[in-house]
Amino acid sequence: MHLFSAMFLLVMLAVMPCEALYPSPEEGWQIYSSAQDADGKCICTVVAPAQNMCNRDPRSRQLRQLMEKVQNISQSMEVLDLRTYRDLQYVRNTESQMKVVDGKLKVASENPRSLNPKGFQELKDKVTQLLPLLPVLEQYKTDAKMILRLREEVRNLSLVLMAIQEEMGAYDYEELRQRVLLLETRLHSCMQKLGCGKLTGVSNPITVRASGSRFGSWMTDTMIPSSDNRVWSMDGYFKGRRVLEYRTMNDFMKGQNFVQHLLPHPWAGTGHVVYNGSLYYNKYQSNIIIKYHFRSRSVLVQRSLSGAGYNNTFPYSWGGSSDIDLMADENGLWAVYTTIPNAGNIVISRLEPQSLEVLQTWDTGFPKRSAGESFMICGTLYVTNSHLAGAKIYFAYYTNTSSYEYTDIPFHNQYSHISMMDYNPRERVLYTWNNGHQVLYNVTLFQVIKTSGD
């Protein structure tokens, strides 16, 4: 199951009795409240289930806890191994000194008069050199206790694993996996039918990985089927050409199983987007947008974004050649930028994905240099007021009505410097690059759905 799904708040209106609208508990929907309005219509507030609802299964929790314990034990054993190797080397180095001291002590015990002041001082010096061995021996005692604890943990793990095995013995693993995949497909289809909504909340951050430099961009495809879980990473904000493609999110988390794409032209900024198998990015030191196709490893089209500032003419507040920000949502492909005639205010243009032709443009009136980052959800541009700690989603521009409003939607900027923030409509999460950390946020969307009886 996908680990990073969004939750969507809906208000459902119907002329039928409230009880008739209650979702089946088997579907995993949660009813938060229900009432009737003045006309007798039912108003129910529900939250759609997250795609990882299978994780609520007690056996899944047990397995997850087991994995955490195994990881902790592995880390403890690695530390123990390194410490033991270091201490063993020290013991070996002091072995010859111990033999010398032992020999001198034997001679002194057999013939005390042979121990003159010089010999006594030499023996004292040798003993002093051996004093650091005492804390090493104390560490060995501590490590011995740790080994006992690890042995007890392993024993407990074995018992829990046996219990889970007995409980799940009636199920075939492959059958379970196929059932999970089927449920995931159905749930994803259901989430897609929910349609668009207004952003009302952002979850706590989910740190996926810490990699790369302070600035960068990472993403999954915003349009392809959910079965394709590739992740792309682009480190840095200017003159970069190397794109890493990971097979799955899990591979990205581990930094394994990736291929490299070397772009024919370097990029500028971090406002890149992968849309339907192609990478859209701003060519370095220009206002040219390039469409690079991953499978053919070739540029399919490139087009100048007329009048758009570039090379830090109109960047976000953090700079970084972030003049042109490309993004995708449920309504298609977008470019967020500004021009001199627009006096540095944010401009939104909807692009035709094949030709990169500008289909329609809006002037938001919001100064781009005052924005930390921005992203599109359901045709609405959401703008943060800073890229630093304490940032919040401060401004929203609605392209469907050409209107705007100031908002106050907080989110936790955990690592205090966001250089990329983009919404993925397929997964309905926010991808961010935060001071060398790759972070996800779930979003809450408010939506009114009316039945045909209204």
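This is a predicted model: local features need pLDDT of at least 70, side-chain atom pairs count only at pLDDT 80 or more; totals for chains, interfaces and linings use all residues.
Start by selecting strands β22 (residues 418-424) and β23 (residues 429-434): six bridges join them, and they run antiparallel. Strands here are DSSP runs of E with at least two residues, numbered from the N terminus, and two strands pair if DSSP finds at least two bridges between them.

Residues are numbered from 1 along each chain as its sequence is written, and side-chain values use heavy atoms, with hydrogens and water left out.

Is β22 buried or exposed? Seven of its seven residues are buried, so β22 is largely enclosed by the rest of the structure. (Buried means under 20% relative accessible area, exposed over 50%, and partly exposed in between, with a 1.4 Å probe and protein chains only.)

Now click on the turn. The hairpin of β22 and β23 has four residues between the strands, and Arg 428 there takes a positive phi near 55°. Arg 428 also forms a salt bridge with Glu 330, with the closest N and O atoms 4.0 Å apart. That pair links distant parts of the chain, 98 residues apart: Arg 428 is in the loop between β22 and β23, and Glu 330 is in the loop between β14 (325-329) and β15 (332-337). At 4% relative accessibility Arg 428 counts as buried, whereas Glu 330 is partly exposed at 28%.

How many salt bridges are there? The count is seven, taking a side-chain nitrogen of Lys or Arg within 4 Å of a carboxyl oxygen of Asp or Glu. For another one, select Glu 405 and Lys 198, whose side chains meet at 3.0 Å, N to O. Glu 405 lies in strand β21 and Lys 198 in strand β4, so the pair ties together parts that are 207 residues apart in sequence. Both ends are partly exposed: Glu 405 at 26% and Lys 198 at 39%.

Stay on β21 (residues 403-410) and pick Tyr 404, which sits in this strand. Tyr 404 counts as partly exposed, at 49% relative accessibility.

Next, colour the cysteines. There is one disulfide by the rule used, namely a pair of cysteine sulfur atoms within 2.5 Å. It joins Cys 196 to Cys 378, S to S 2.4 Å, and with -90° about the S-S bond the link is left-handed. Cys 196 lies in the loop between α5 (173-193) and β4 (198-202), and Cys 378 in the loop between β18 (374-377) and β19 (380-384), so the pair ties together parts 182 residues apart in sequence. Cys 196 is partly exposed at 31%, but Cys 378 is buried at 14%.

Last stop: select the open sheet of four strands in the order β10-β11-β12-β13, with antiparallel pairing. Edge strands β10 (273-275) and β13 (298-304) each have a single partner strand, so one side of each is left without a neighbour in the sheet. Inside it, five bridges join β11 (residues 278-282) to β12 (residues 288-293), and the bridge partner of Ser 278 is His 293 in β12.
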